[in-house]
Amino acid sequence: MQKRRSRRAVDPLLPQYPIESVDKALRLILLLGERPEIRLSEATRYLGVASSTAHRLLAMLAYRGFVRQDPVSKVYHPGPALTSVAFAILGRIDIEATAKPVMRRLAERLRESVHIGMLDGAAVRFVAAVEGPTAVRVASRLGLTMPAHCTSTGKAMLAQLSDDEIGRLYPQEDLEQITQHSIGSRTELVNEIRRIRQRGYAVNREESEEGVASLAVPIPTRAPGLRLALNAAAPTHRLKASQYPMVVAVLVEAAKEIGDRTE
């Protein structure tokens, strides 16, 4: 009779005395790092346990603030404790220093300014920047905070959220406009986010500053609740629609490298 192989034999890194309930709870946290939300049925299938077991695990994570359950849809989202941990880790990572080598190469290759933005509620905070080498260029936005829906960087990150999360961030139909080209309503924003999800990148043409255009893509991160995006900004006459595929391809490549460096 063939003996069953132990979990430790399959995975030599597994601790000698694993605590399965802790392992399952941590796996749920990792799952939330990959998805903006999970349902009880998804957690049950993912863990391979009874729904009552998955419910107890999620209830304990909710008690400690690591997840929160929407009272209407009943789906689970990253909780404040999980977000706090993500931001605490971010605070110990010097994103600007970590990403600067990649951003410098990107700015030289595109000959334009590049920025990294972080989503903070309905706003985007620019945490790293490298100005382009040309005399006429987009100035650094390092340290600035702007409405997310008025920037390509912010819209790229908003597109990673669920429709329910967008609704909570923007409970009112009317939105603040920085310029006459800015998105001015939640309905318009939702439609734009759907387009961004389909094409994989966000566009800003004079929505945050007259005469300035930009493209942005999300930076892949494993920290739950942490959203980062990378953009390239240029005077509108130097960033035409015909150039979008080339610029986006370069941005995606750089964003992956930055994401790998910040893990």
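This is a short exchange about how terms are applied to a predicted model.

Modeller: In this predicted model, local features need pLDDT of at least 70 and side-chain atom pairs count only at pLDDT 80 or more, while totals for chains, interfaces and linings use all residues. Residues are numbered from 1 along each chain as its sequence is written, and side-chain values use heavy atoms, with hydrogens and water left out.

Biologist: Why is E192 called buried?

Modeller: Buried means under 20% relative accessible area, exposed over 50%, and partly exposed in between, with a 1.4 Å probe and protein chains only. E192 has 9% relative accessibility, so it counts as buried.

Biologist: What makes the pair E192 and R199 a polar contact?

Modeller: A polar contact is a pair of N or O atoms within 3.5 Å; within protein, one must be able to donate a hydrogen and the other to accept it, and residues adjacent in sequence count only if both atoms are side-chain atoms. The side chains of E192 and R199 make such a contact at 3.2 Å.

Biologist: Which residues is E192 in contact with, leaving aside neighbours within four places in sequence?

Modeller: They are K155, I183, R199 and V203, where contact means heavy atoms within 4.5 Å.

Biologist: What makes strand 6 and strand 7 a pair?

Modeller: Strands (E, at least two residues) and helices (H or I, at least four) are DSSP runs numbered from the N terminus, and two strands pair if DSSP finds at least two bridges between them. Strand 6, residues 202-205, and strand 7 have four bridges in the antiparallel sense.

Biologist: Where does helix 6 bend?

Modeller: The bend is at P101, about 45°, taken as the angle between axes fitted to the seven residues ending there and the seven starting there.

Biologist: What makes a set of residues a nonpolar core?

Modeller: Its members are buried Ala, Val, Leu, Ile, Met, Phe, Trp, Tyr and Cys residues joined through side-chain atoms within 4.5 Å. The largest such core here has 32 residues, with M103 and L106 among those with the most contacts inside it. Helix 10 gives the most to this core, eight residues. A second, separate core has 20 residues, including L119 and I196.
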